[in-house]
Amino acid sequence: MCIRDRYQYKQQKAELEKVKDQIFQKIKAEQESKMKEKEMLEDLRLELYLEEQALNDRRKDEDEVRKRERQKEEMRAAELESRRMKEERKRDEDRLEQSFREQMLKKFADDDKLESVSYTHLRAHETPEHLVCRLLLEKKK
């Protein structure tokens, strides 16, 4: 019986080893599956993070482009406003200058009229001494 018991014992031991091996393989497969799942999740997280970064970078770039466009529009509007104000100022200056010219021409015309009246008036009341002085001065010129 001893040989038979030994044989049975070896068979049972072999079966137990086989079952242990199967359980070990099953646990190993489960752990590998979990590790693959963890790696896949980590890869997905990394990919999602990179996509979010790329999206944020694109948004930032788009915002900068919009900001530059808005600044260009503001600069154009400011330039147009500046030109309009400059033209308006130039028209005001031209009107003021024209008004000043007209006033000066009127004043000069009045002054000429006054001088001619005054000169004629002075000659009418000129004394002989003044007449001699005036003639000498005119001759000198």
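**Close-up 1. R83 and E79 pair up through their side chains in a salt bridge, 2.7 Å from N to O.** A salt bridge here is a side-chain nitrogen of Lys or Arg within 4 Å of a carboxyl oxygen of Asp or Glu. Both residues sit in helix 1, 4 residues apart, or about one turn of the helix. (Helices are DSSP runs of H or I with at least four residues, numbered from the N terminus.) R83 is partly exposed at 48% relative accessibility, and E79 is partly exposed too, at 40%. Partly exposed falls between buried (under 20% relative accessible area) and exposed (over 50%), using a 1.4 Å probe and protein chains only. This is a predicted model, where local features need pLDDT of at least 70, side-chain atom pairs count only at pLDDT 80 or more, and totals for chains, interfaces and linings use all residues. Residues are numbered from 1 along each chain as its sequence is written, and side-chain values use heavy atoms, leaving out hydrogens and water.

**Close-up 2. R76 reaches E73 in a salt bridge, with the closest N and O atoms 2.6 Å apart.** The two are 3 residues apart in helix 1 (residues 2-124), so about one helical turn separates them. R76 comes in at 45% relative accessibility, which makes it partly exposed; E73, at 43%, is also partly exposed.

**Close-up 3. D92 and R95 meet in a salt bridge at 2.9 Å, N to O.** They too lie 3 residues apart in helix 1, about one helical turn. D92 is partly exposed at 37% relative accessibility, whereas R95 is exposed, at 53%.

**Close-up 4. E81, R84 and E88 link up in a network of salt bridges.** Across the structure there are 12 salt bridges.
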